[in-house]
Amino acid sequence: MTQTLTLRRPDDWHLHLRDGAVLQAVLPDTARDFARAIIMPNLVPPVVTSADAMAYRDRILAALPEGADFTPLMTLYLTEATDPADVIAAHASGMITAVKLYPAGATTNSASGVRDFDKVRGVLEAMAEAGVPLCVHGEVTRAEVDIFDREAVFIDEVLDPIRRKTPGLRVVMEHITTSDACDYLRSSDGSLGATITTHHLMINRNHILVGGIKPHYYCLPVAKRESHREALVELATSGFEQVFLGTDSAPHTQANKECACGCAGVYSAPVTMPCLTQVFDEAGALDRLEAFASLNGPAFYGMAPNAETMTLEKGDALDTPAPLQTGDGPIVVFDPGKPVLWRVQRD
Ligand SMILES: NC(=O)N[C@@H](CC(=O)O)C(=O)O
Ligand SMILES: [Zn+2]
Ligand SMILES: [Zn+2]
């Protein structure tokens with residue numbers, strides 16, 4: 001008999017959909033499996049005002065396939081010029097769900113991000129008061145800090161001070177990659193959450209660098225050594241309520257990945273649920289997948305879990321997925337480089 005697993009329909013609490021031809025091509029991959037997603041605002045130019053967010057949401061809704069059941073949860077890109085009143089009004093009206101903090105220069109399209117954290121103090125205080133969550137790309141950008149240490153240094157130098165100075169601010173540590181972040185999360189109260197990506201549960205830095213450089217495994221924060229991956233798997237599969245799925249599915253064209261200065265980002269949306277189920281199966285924690293993918297995220301954001309369900313079945317290993325064709329060129333899909341025996345049942 002085929003082994004199956006049924007869980008509530010999952011959500012993705014960290015997703016890049018881009019715009020234009022790429023949005024059109026990638027959106028069906030997410031809408032097929034996920035009911036809702038937190039949409040990252042790092043377009044060029046970024047989504048900085050509630051008017052920008054409303055226009056972007058309309059473009060996403062217009063790109064949805066006929067009959068799709070998917071709700072984009074919009075975010076604003078925090079800059080040193082962000083108007084607290086615009087943020088609070090956008091949240092109160094339901095137009096946005098969260099605000100995103102990019103330290104300037106930390107990652108793809110982060111040039112408009114924050115350089116001086118004191119300049120956003122007023123916005124953060126207003127957000128704490130109104131209960132608007134802050135999603136954080138947690139890496140310092142100082143040139144002298146080693147890229148593998150940037151997350152741990154950010155927690156000590158930036159995140160912890162911000163949280164101490166702004167009591168009550170709800171913060172999500174996005175795409176955590178280190179045991180340092182796991183420890184910090186476990187020692188924090190319920191105002192702190194964290195997301196973990198599919199790929200950080202499956203690859204370590206050797207996947208990127210051993211036997212030739214593999215640009216499709218390069219993302220930020222960069223994957224760390226194996227002991228950190230193990231800590232992430234332990235946390236994700238533990239059922240701990242403050243951690244949930246954020247795929248950070250981040251499409252870049254093959255041409256922009258396979259070049260002398262390749263972009264950071266892994267496109268995982270089409271294979272995330274099979275890959276995650278594989279990870280949880282190997283950890284003997286299939287009964288905890290629903291908490292990670294479908295329950296803990298809505299609970300953190302004060303939303304109800306989805307009423308519908310998804311069923312996965314175990315069988316032969318999946319084929320390596322073909323690149324997604326887009327109007328801007330092909331996008332290579334995440335391949336964990338090991339057998340994935342689970343697939344989503346489609347009716
Ligand atoms: N994760 C990445 O490597 N890239 C993301 C940006 C981000 O989430 O930091 C992107 O927009 O491409
Ligand atoms: Zn990021
Ligand atoms: Zn991201």
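**Before you click**

This is a predicted model, so local features need pLDDT of at least 70 and side-chain atom pairs count only at pLDDT 80 or more, while totals for chains, interfaces and linings use all residues. Residues are numbered from 1 along each chain as its sequence is written, and chains are lettered from A and ligands numbered from 1 in the order in which they are written.

**Stop 1: the annotated domain**

Select residues 12-308, the range that an unreviewed UniProt entry labels "domain: Amidohydrolase-related". UniProt positions are in the numbering used here, feature names are shortened, and annotations may be inferred rather than shown by experiment. The end C-alpha atoms of this span lie 15 Å apart, and 38% of it is helix and 11% strand. Helices (H or I, at least four residues) and strands (E, at least two) are DSSP runs, numbered from the N terminus.

**Stop 2: ligand 1**

Which residues surround ligand 1? Show His16, Asn42, Thr107, Thr108, His137, Cys219, Leu220, Asp248, Ala250, Ala264 and Gly265; a residue makes the list if its C-beta atom, placed from the backbone, lies within 6 Å of the molecule. Colour that shell by class and you get 4 nonpolar, 6 polar and 1 charged residues. The classes are simple: Ala, Val, Leu, Ile, Met, Phe, Trp, Tyr, Cys and Pro are nonpolar, Asp, Glu, Lys and Arg are charged, and the others, Gly among them, are polar.

For comparison, one "binding site" listing in the unreviewed UniProt entry has His16, Leu17, Arg18, Asn42, His137, Leu220, His252 and Ala264.

**Stop 3: the other binding-site listing**

Now pick His14, His16, Lys100 and Asp248, which UniProt (unreviewed entry) also lists under "binding site". They are spread over 235 residues of sequence but cluster in space, with a largest C-alpha distance of 13.2 Å.

Take three of them in turn, with contact meaning C-beta atoms, placed from the backbone, within 7 Å:

- His14 is in strand β2 and counts as buried, with 26 C-beta neighbours inside 10 Å. (Buried means 20 or more other C-beta atoms within 10 Å of the residue's own, exposed 12 or fewer, and partly exposed in between, with C-beta atoms placed from the backbone.) Not counting residues up to four places away in sequence, His14 touches Ile38, Met40, Glu174, His175, Thr195, Gly246, Thr247 and Asp248.
- His16 sits in the loop between β2 (12-15) and α1 (20-33). It is buried too, with 25 other C-beta atoms within 10 Å. Leaving aside neighbours within four places in sequence, His16 is in contact with Met40, Ser249, Ala250 and Pro251.
- Asp248 lies in the loop between β9 (243-245) and α9 (254-257), buried with 28 other C-beta atoms within 10 Å. Beyond residues up to four places away in sequence, Asp248 touches His14, His175, Thr197 and Cys219.

**Stop 4**

Most residues other than glycine have a negative phi, and most peptide bonds are trans. Go to Arg18, in the loop between β2 and α1, where phi is near 60°. Arg18 is buried, with 22 other C-beta atoms within 10 Å. Asn109 also has a positive phi, about 55°, and counts as partly exposed with 18 C-beta neighbours inside 10 Å.

For cis peptide bonds, zoom in on Val44 and Pro45, with omega about -5°, then on Leu220 and Pro221, with omega about -10°.

**Stop 5**

Which residues of α2 are buried? Ser50, Ala53 and Tyr56 are. Seen down the axis of α2, the buried residues fall within an arc of 120°, so they line one face of the helix; the arc is that of the directions from the helix axis to the C-beta atoms. They pack against β4 (71-77) and α3 (84-92).

Finish at α6 (residues 179-186), whose buried residues are Ala181, Cys182 and Tyr184. They cover an arc of only 165° around the axis, which puts them on the same side of α6. Their cover includes α5 (150-165), β7 (171-173), β8 (192-196) and α8 (226-236).

Note on methods:
Contact = placed C-beta atoms within 7 Å.
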